[in-house]
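Let's take a look at how two chains can sit against each other, and what can end up between them. Have the sequence and the 3D view open while you read.

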2 protein chains.
Amino acid sequence: MKLSTKGQYGTRMLLDLALHEEEAPVLLKDIAQRQQISLGYLEHLVTPLIAGGIVRSTRGAKGGVSLAKPSEQIKLSEVIQLLEGSIAPVACVNDPAVCSRSESCVTRDIWDELKQAMDGVLASTTLQNLVQRQKDKQPLEGAMYYI
Amino acid sequence: MKLSTKGQYGTRMLLDLALHEEEAPVLLKDIAQRQQISLGYLEHLVTPLIAGGIVRSTRGAKGGVSLAKPSEQIKLSEVIQLLEGSIAPVACVNDPAVCSRSESCVTRDIWDELKQAMDGVLASTTLQNLVQRQKDKQPLEGAMYYI
DNA sequence: GGTATTGTATACTATATTAGTCATAATAGT
DNA sequence: ACTATTATGACTAATATAGTATACAATACC
Ligand code: SF4
Ligand code: SF4
């Protein structure tokens, strides 16, 4: 039940982006440096977020990336969905047709409950929540939120 | 965030075992057939469960496997821990030392909440719960619970 | 004691996924 | 034109997954 680095790094990237929103568009290079993620990999992570309408990008000089909508409207469940695909622990939870036992399988019911519990946490957390938590956590360091 | 087949099959194996508890010890071969899991793979799955004190095995003719404790005392959280290791979505949740950012990282806090939400479901579900659900689900088929 | 029956342990393998790197193209500003 | 910047796709190394195969050890039954 591990989250891949896509989900981990991608979330950190978005939080970093949200924390530097006033300076938008933000250079991927800067995010890469602050978050210690290679630029090349970050480029891969940002792609699905752009496609998913969470991030807007501007190419060329003075370009960069910015949030495509207010951070209060970006739920972590969306983010993880875009970066990792469905959170369902087992495929049958999303699509009963993948397994002939689906109808009568009670373990499936549990995996579904598990999914819902996870979704409860992720859907109730927005990027703005993360930003607020971060600011609460590092009140002394002014505007420099390196995470 | 997928559960590997170890966790999936292992849980089904235990449920099958619990459903056939009166016939214990149960042949791995029979479980394999009912659950459509290869015997060789099932042998792999049962090993950590024996080591973890959930299953007892009897070798030789008339042998097989049985539950080492009452099904009400077997929590799914234990089972998954034995079969998949920690449920933590990111390693830093269990051991902050793995990442230098742990101290100030708010995404880590979320991953921790996620873990706790998952553990809430798994720790509150016992094998007996699963057995009961299965019996509720298939009341017409008598003792034949193939899952 | 011999033999069939069962689980135990180890080694091996094929495939898929992860976590990247690298080169190149497209685009925007100056 | 030139430069800065993201976008895209090809490629790769390392790891994890999902098994299979083989040999071994213990037990029950005759
Ligand atoms: S056996 Fe049950 S849990 Fe596993 S895939 Fe089939 S329906 Fe889902
Ligand atoms: S960056 Fe945060 S979430 Fe990721 S490993 Fe470090 S502490 Fe954990």
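Across the interface of chain B and chain A, 16 residue pairs are in polar contact, both residues being at pLDDT 80 or more; that term is for a pair of N or O atoms within 3.5 Å, where within protein one must be able to donate a hydrogen and the other to accept it, and residues adjacent in sequence count only if both atoms are side-chain atoms. Helix 6 of chain B gives the most to the side that touches chain A, with eleven residues. Helices here are DSSP runs (H or I, at least four residues), numbered from the N terminus.

This is a predicted model, where local features need pLDDT of at least 70, side-chain atom pairs count only at pLDDT 80 or more, and totals for chains, interfaces and linings use all residues. Residues are numbered from 1 along each chain as its sequence is written, chains are lettered from A and ligands numbered from 1 in the order in which they are written, and side-chain values use heavy atoms, with hydrogens and water left out.

Here's the interface in brief:

| Item | Value |
|---|---|
| Residues in contact (heavy atoms within 4.5 Å) | 42 of chain B with 42 of chain A |
| Salt bridges (side-chain nitrogen of Lys or Arg within 4 Å of a carboxyl oxygen of Asp or Glu) | four |

One salt bridge joins K137(A) and D109(B), whose closest N and O atoms are 2.8 Å apart.

And the ligand? Ligand 2 lies between chains A and B. Among the residues around ligand 2 (a heavy atom within 4 Å) are R12(A), C92(B) and W111(B). Helix 6 of chain B again turns up, giving the most to this shell with three residues.

Key: Helices (H or I, at least four residues) and strands (E, at least two) are DSSP runs, numbered from the N terminus.
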